[in-house]
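Please find below some remarks on the model under review. They are set out as numbered points, for reading beside the sequence and the coordinates.

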Amino acid sequence: MEASMTTPTEKAPSRPVNSVSPVGDWSIKIIFALYSLMCLFPLALLVMVSISNEQDVIRYGYKFFPMHFDLSAYKFVFEDWHNVLKSYGVSIFVTVVGTILSLVIMALYAYPISRPDFPQRKFFTFFVFFTMLFNGGLVPWYLVYVKLLHLKDNIWALILPLLVSAFFVLIIRTFFATTIPGAVIESAKIDGAGEMRIFFKIVLPLSLPVLASTALFSTLNYWNDWFLSLVFIQKSDGYISVQYLMYKTLTNIQFLMTHTEAMNVIGGATKFPNETVRMAMAVIGIGPIIFAYPFFQKYFVKGLTVGAVKG
Amino acid sequence: MALTRNLRKYGMFYLMLLPGFLILLVNNYIPMLGVVIAFKNMTYPHANIFMNFIDSEWVGFENFKYLFKTSDAWIITRNTLLYNSLFIVLNLVIPVAFAIMLNELRSKFLARFHQSIIFLPYILSWVVVSYLVYGLLHDKNGFVNTTLLPFFGVDPVQWYFKIEAWPYILPIVNTIKNVGYYMVLYMAAIIGIDDEYYEAATIDGAGKWQQILKITLPLLMPVMIIMTLLQVGRIFYADFGLFYQVPKESGVLFPVTNVIDTYVYRTFLAMGDSGLSSAAGLYQSTVGFVLVFLANWFVRRIDKDSALF
């Protein structure tokens, strides 16, 4: 309501033309300050619990300010460091290989269907587009990967399913069709360049914005994926990605909790700092993405708006 | 011959299409043919999946009859539709309000700062989000039970067993995770609005509210409609991560957390019933298919260029 009272004549001279009233500005500031705090708080809480003393946590619960600074949870996790390292290896491999392959395959598919002179353009566009409308569901999809391709517990089961996204193929196609002048391709053809050459030497370099944003989303999808692991990775010493390791830690420690009596007989339960270890595991899993976020953030935002513009 | 001429001229194109074509074939089209499993009683006596498929008994709509006889069919349909409807409303109202407010913030530094933080949950995986929720809601140790509720003198609540709470918790979690994505889209649309509209309005003496109601919102309308209808087209598909990871598979909560996607997953991979789960899967795909067409039909009527097809 404050804002509605502002009319141009009432403006303070220091305030730029047509900006909100000071009261309005402050209300917005406060709303966003509270909201941002709400977003960051759970993350900060996780970090705080991970550096807390286990006994404090058992007695007082997850407190925002640790009573005793204690790194034993991290020590415990790093005693098992080769597991953590292996998971990072799996996640990095899947993300890097997956993103590169997916970008190449999608761009290769998008190029012919962006060319108006290709007679089968319509069929191949529909072929990729239809996958957005209908799918066979989990059961036949699972059977294809496990019983037909025999990819259970295979690292390619974590890569293959996310390689081609119809949505991004169509966005890349639209970008090719609208941004790359047909005359450039024509003149390259007259100069005797083959289609492959035109694609790699002319089309791709001109399409960096859309390729960059596709790559970024692909990276995010591969790095964050746990569903494919949940479905295809069964062996506990198999290809456990960082996300899946985090998921397993959350459920496995629960499993330990339900067997506390048995653990007491063994005498191990009290030694195991399970509350803080769980959070330490989460911090180790989240850490890299938070550190990378400031560098990637603006490209994410750009990428979103590239995707939003439909030609 | 026309075919050889076509191949000679466009052979390179076919080669370029080949990898993507094969992946779509394996990942999408063979499973589409596999929906027939829903009409069969699958058994696995052979090593070869095709042999098993051919040998399995044809049971017609038996699996569907069985599915719709259980109360599950109704519960998962209701949950999927109600949650998604609520999400669509929340994903519209809050991001639009945020985008307008953030755009009005006089400090551009603060605007960028808050945008970064609001967008952050969008890039976190559901596993991470389930940790964050767990840190807050854990029965014994969670921040809400150990610090927040005692502060207000309220008794601790066993959140992972409290059915009434989850129809609120899930939409809140979903909104916080996705608001950044939609907000950024709407902000891009707001920035695209020509400043001259606002200048003219200022000269005519229109205040901020007037400008928002008469200029910003009407000009955002096409984007709002498209984003909403895209979600309506997918209203029969739930976000598996939200409903599987965040309630941490608490069985007590299934009446309010089980959706079609989690039901299909659980009946198939946890219980091994491929007939029932593939029936539920085909039910989802079919209704989903019809809904996409309906949503698209609406988009076409409003704005032809924005239609999916």
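**Remarks on the predicted model**

1. Four residues of domain 1 of chain A are in contact with six residues of domain 2 of chain A. The model is a predicted one. Within chain A, domain 1 covers residues 2-50 and domain 2 covers residues 73-308. On the side of domain 1 of chain A that touches domain 2 of chain A, three residues are nonpolar, one is polar and none is charged.

2. The model has an ipTM of 0.91 and a pTM of 0.89. For chain B the average pLDDT is 91, and 99% of the residues score at least 70.

3. The interface between the chains brings 85 residues of chain A into contact with 75 residues of chain B. Which element supplies the largest share of the side of chain A that touches chain B? That share, 15 residues, comes from helix α1 (residues 22-50) of chain A. By class, the side of chain A that touches chain B is made up of 60 nonpolar, 18 polar and seven charged residues.

4. Within chain A, a helix pair deserves a separate remark. The axes of helix α4 (residues 81-110) of chain A and helix α10 (residues 208-224) of chain A come within 9 Å, and they cross at roughly 140°. The crossing of α4(A) and α10(A) is right-handed. On α4(A), the contact is made by A:Ser91, A:Val94, A:Thr95, A:Gly98, A:Thr99, A:Ser102, A:Leu103, A:Met106 and A:Ala107. Their counterparts on α10(A) are A:Leu211, A:Thr214, A:Ala215, A:Ser218, A:Thr219, A:Tyr222 and A:Trp223. By class, the contact of α4(A) with α10(A) has eight nonpolar and eight polar residues, and no charged ones.

5. Is A:Tyr247 buried or exposed? A:Tyr247 counts as buried because it has 24 C-beta neighbours inside 10 Å, where the cut-off for a buried residue is 20 or more.

6. The surroundings of A:Tyr247 involve both chains. Leaving aside neighbours within four places in sequence, A:Tyr247 is in contact with A:Trp226 and with B:Val127. As for A:Leu133, it is 114 residues from A:Tyr247 in sequence, and the two are 31 Å apart in space, C-alpha to C-alpha.

Conventions
Residues are numbered from 1 along each chain as its sequence is written. Chains are lettered from A and ligands numbered from 1 in the order in which they are written. This is a predicted model: local features need pLDDT of at least 70, side-chain atom pairs count only at pLDDT 80 or more; totals for chains, interfaces and linings use all residues. Axes are lines fitted to C-alpha atoms, for helices over the stretch in contact, and angles run from 0 to 180 degrees between N-to-C directions. Helices (H or I, at least four residues) and strands (E, at least two) are DSSP runs, numbered from the N terminus. A crossing is left-handed if the near helix is turned anticlockwise from the far one by less than a right angle, and right-handed if clockwise. Two residues are in contact if their C-beta atoms, placed from the backbone, lie within 7 Å. Ala, Val, Leu, Ile, Met, Phe, Trp, Tyr, Cys and Pro count as nonpolar, Asp, Glu, Lys and Arg as charged, and the others, Gly among them, as polar. Domain bounds come from an automatic or database domain assignment. A residue is buried if 20 or more other C-beta atoms lie within 10 Å of its own, exposed if 12 or fewer, and partly exposed in between; C-beta atoms are placed from the backbone. pLDDT is the predictor's confidence in each residue, from 0 to 100.
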